Amino acid sequence: MDDWEKAGKIAAEALEFGKNLIKVDASLLEVADKIEAKIVELGGKPAFPVNLSINQIAAHYAPLPGDESRFKEGDLVKIDVGAHVNGAIGDTALTVDLGDNKELVKASEEALKAAIEIFTPGTKLGDVGKAIQDKIKEFGFVPIVNLSGHGLALYKIHSGVTVPNYDNGDETELQEGQILAIEPFATPGEGKIIEGKPSGIYELRQHKPVRDMNSRKILKFIAEEYKTLPFAKRWLVKKFPTAGFALRILEQQGILMHYSHLSEKTKALVSQAEHTVKVADKPIVLTKI
Ligand code: MN
Ligand code: MN
């Protein structure tokens, strides 16, 4: 098994484990910690903080240090898990329904299946988007058009290739052996997301000299430990109690990018399904147990 296959399996197992932890009254912080510990137990590292995005939040909700929020009756929970092995990434997500939104959950799942079926060499990226859009429309919903799947590269969540969730006319053809994440989002709303509050998820963008000694030490740790992968403030404060201050400085200097919560524009519910897939005549789903 190569590292991509290993990372895919670890992410899939951690997602399956995590799915069963999402219950009414369970703590988001505990669930995220447990899933990330499971990734390590399985021999990987988190490729990004576990995302537990609820209802109209489509993505990028990760519990903050001391987060006291709990899952509630009726919540629609997107659980998005990333694992890496030597930088090779498995990225996978599903939606847990604590309410009555079966069709919405099914819409993104079926759209993902439809996209995987045609994930063969020569398929145009726009046609993958069309397959996703058509399937979601069959269920009476719309895809989120400004969220998309993405190519994966070593220590990079976004390689530069975009897998659209609608027919964007992209005629770029899939190539044998390419590894990409496909992630349809379905909603009864307008199908657009807007940025919300800062998430506590950061990513190293550019190395610059830093005057403050503490911030310099933390930046060194980030560069060595996470490289160019997203990481959580929650992880850093465990090791460096003053990390919050350093993160603010590093963000102000443009060294770190701080992700925001992404919410549906009309506050409508959002479902998500995601797999990491290798392009082949018979497409290979890497994030499978
Ligand atoms: Mn993901
Ligand atoms: Mn992804």
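View 1. Strand β4 (residues 76-85) pairs with β2 in the antiparallel sense over 4 bridges, and Leu52 has Ile79 of β4 as its bridge partner. Strands (E, at least two residues) and helices (H or I, at least four) are DSSP runs numbered from the N terminus, and two strands pair if DSSP finds at least two bridges between them. This is a predicted model, in which local features need pLDDT of at least 70 and side-chain atom pairs count only at pLDDT 80 or more, while totals for chains, interfaces and linings use all residues. Residues are numbered from 1 along each chain as its sequence is written, chains are lettered from A and ligands numbered from 1 in the order in which they are written, and side-chain values use heavy atoms, with hydrogens and water left out.

**View 2. The manganese ion (ligand 1) and its protein donors.** The donors are Asp80 (OD), Asp80 (OD), Asp91 (OD) and Glu274 (OE), lying 2.1 to 2.4 Å from the manganese ion (ligand 1); donors are N, O and S atoms within 2.8 Å of the metal (3.2 Å for Na, K and Ca), and water is not among the atoms, so sites may look incomplete. Along the chain these donors follow the spacing D-x10-D-x182-E. Distant parts of the chain are linked in this way, with Asp80 in strand β4 and Glu274 in the loop between β14 and β15 (275-278), 194 residues apart. Asp80 counts as buried at 9% relative accessibility, and Glu274 counts as buried at 1%.

**View 3. The manganese ion (ligand 2) and the bridging residue Asp91.** Asp91 (OD), His150 (NE2), Glu183 (OE) and Glu274 (OE) coordinate the manganese ion (ligand 2) at 2.1 to 2.2 Å, and in sequence these donor residues are spaced D-x58-H-x32-E-x90-E. Asp91 bridges the manganese ion (ligand 2) and the manganese ion (ligand 1), which lie 3.1 Å apart. Asp91 in strand β5 (residues 88-97) and Glu183 in the loop between β9 (179-182) and β10 (185-187) are 92 residues apart, and the pair links distant parts of the chain. Asp91 counts as buried because its relative accessibility is 3%, and Glu183, at 7%, counts as buried as well.

**View 4. The open sheet of β6, β10 and β14.** The 3 strands of this open sheet follow the order β6-β10-β14, and their pairing is antiparallel. The edge strands, each pairing on one side only, are β6 (142-143) and β14 (271-272). Between β6 and β10 there are 2 bridges, and Pro143 stands opposite Ala186 in β10.

**View 5. The largest pocket and its lining.** The largest pocket has a volume of about 430 Å³, and of the 22 residues that line it, His60, Ile157, His158, Glu183 and Tyr259 are the closest to its centre. A pocket is an open set of points on a 1 Å grid over the protein atoms alone, where a 1.4 Å probe fits, with protein on both sides within 12 Å along at least five of seven lines, and lining residues have an atom within 4 Å of a point. Grid points are joined across faces, edges and corners, and the volume is the space filled by probe spheres set on the points. At least two lining residues come from each of β7 (149-151), β11 (193-204) and β13 (256-264). Domain 1 (3-195 + 267-285) and domain 2 (196-261) each supply at least three residues of the lining, with domain bounds taken from an automatic or database domain assignment.

How values were computed:
Buried means under 20% relative accessible area, exposed over 50%, partly exposed in between (1.4 Å probe, protein chains only).
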